[in-house]
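Hello,

I am handing over the structure we talked about, and my notes on it follow below. Please have a look at it first and then read on.

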Amino acid sequence: MTDKDRTFMRLALREARKGIGRTSPNPSVGAVVVKNGRIVGKGHHQQAGGPHAEIHALQAAGRKAEGATLYVTLEPCNHTGRTPPCTETVLRAGISRVVIGMLDPNPAVAGGGGAYLASQRVEVTSGILEEECREINLPFCKHALTGLPWVILKAGMSVDGRIASRPGQQSKITGKESHRRVHVLRREVDAILVGIGTVLADDPSLTCRLGRQRSDPLRVILDAGLRLPVSATLLQQESAAETWVFCGENADSKKRSSLEAAGARIRTVPVAAAGSLDLAAVLKILGEAGVTSVLVEGGSRVHGSFLDAGLADQLFLFVAPAFIGSMGEPLATFPPGRRENRLPGFRFIKTRRYGEDLLLEGRFFNR
């Protein structure tokens, strides 16, 4: 690995980031074609089903690709899916060297693209800025390995750990800069998940409000007893996003029919302890539907249930410079009968200011 390899891979990563939130269930991938130390083509994967990053970069390079080096953040595919194998296009273009950021995380195909290119006398180097390349595709990697989506817990809270001034009340705690960051985050995920308590308290739309960049994720409601009103905003507004409601097996059939008539898609899962839904079953159904990332926006019981079950992967915690007091709703309420020391370990990755608020971003790992 040379300094030039790292430099050009960083440029490929810059390309890859352009596709974040637009390619699921595919990964975000970037590629650059370099000849005689100069970039002659670049591109990124723009949407699932469309040409991969390598194809865009090679098309941009044209005949200059012959004898050039291709830098790509993820191993070129060597199998036919929605598109033909990228390896064959690389060979036809006359690329002499391929530099790969990370191998495909899918155990069934990992290393196959690189090995095939090497067998065709193309020089292959892999593992360049591997961690950075993996970082932008954590949901894709988890889904490829487990079939489950990457789970992000998001909350806005006061410095004394309260997410609302009273349980069941709508509260606006964080500022407009934080709110905009949340909508960017919504644009980047496949689904938003909330509990029925949040819907009844806030009547949210659960959409991404970024003007022309708007792209609404799937809305997921945990509602064991089907208390969701047919008049709820998320069922009445115009949106390309579907609303999935997960309920218990004994939920009222008439209410189910009325919600389905209003446009909701009802999914039944077992009811776990304390009357809450089996979250592992919910995630399994979402993963099987191709959902690779879920943003959990609350409320307190939902946060507590995900933490208690060890199902959270990442945390976005917006902390506002305010105190609410003991009457406020806590960040997480845990199910009764919880075993001691069961919560997952946690480490901070970075902090950032948004107006007067502080964003704490971290990762969970099970003990």
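**Pockets and salt bridges**

The largest pocket has 50 lining residues, and those nearest its centre are Val194, Thr198, Asp202, Glu297 and Gly299. A pocket here is an open set of points on a 1 Å grid over the protein atoms alone, where a 1.4 Å probe fits, with protein on both sides within 12 Å along at least five of seven lines; lining residues have an atom within 4 Å of a point. Please keep in mind that this is a predicted model, in which local features need pLDDT of at least 70 and side-chain atom pairs count only at pLDDT 80 or more, while totals for chains, interfaces and linings use all residues. Residues are numbered from 1 along each chain as its sequence is written, and side-chain values use heavy atoms, with hydrogens and water left out.

The volume of the largest pocket is about 1400 Å³, a volume being the space filled by probe spheres set on the grid points, which are joined across faces, edges and corners. Its lining consists of 18 nonpolar, 21 polar and 11 charged residues. Here Ala, Val, Leu, Ile, Met, Phe, Trp, Tyr, Cys and Pro count as nonpolar, Asp, Glu, Lys and Arg as charged, and the others, Gly among them, as polar.

The second largest pocket comes to about 800 Å³. It is lined by 35 residues, with Ile20, Glu135, Ile136, Pro139 and Glu188 closest to its centre. In this lining, 14 residues are nonpolar, nine polar and 12 charged.

Now to the charged pairs: how many salt bridges does the structure hold? There are 14, each a side-chain nitrogen of Lys or Arg within 4 Å of a carboxyl oxygen of Asp or Glu. In one of them, Arg97 meets Asp5 at 2.9 Å, N to O. Arg97 belongs to strand E4 and Asp5 to helix H1, so this pair ties together parts that are 92 residues apart in sequence. (Helices, H or I with at least four residues, and strands, E with at least two, are DSSP runs numbered from the N terminus.) Both partners are buried, meaning under 20% relative accessible area, with exposed over 50% and partly exposed in between, for a 1.4 Å probe and protein chains only.

Glu297, from the largest pocket, forms a salt bridge with Arg186, again with 2.9 Å between the closest N and O atoms. Arg186 and Glu297 are both buried.

Best wishes
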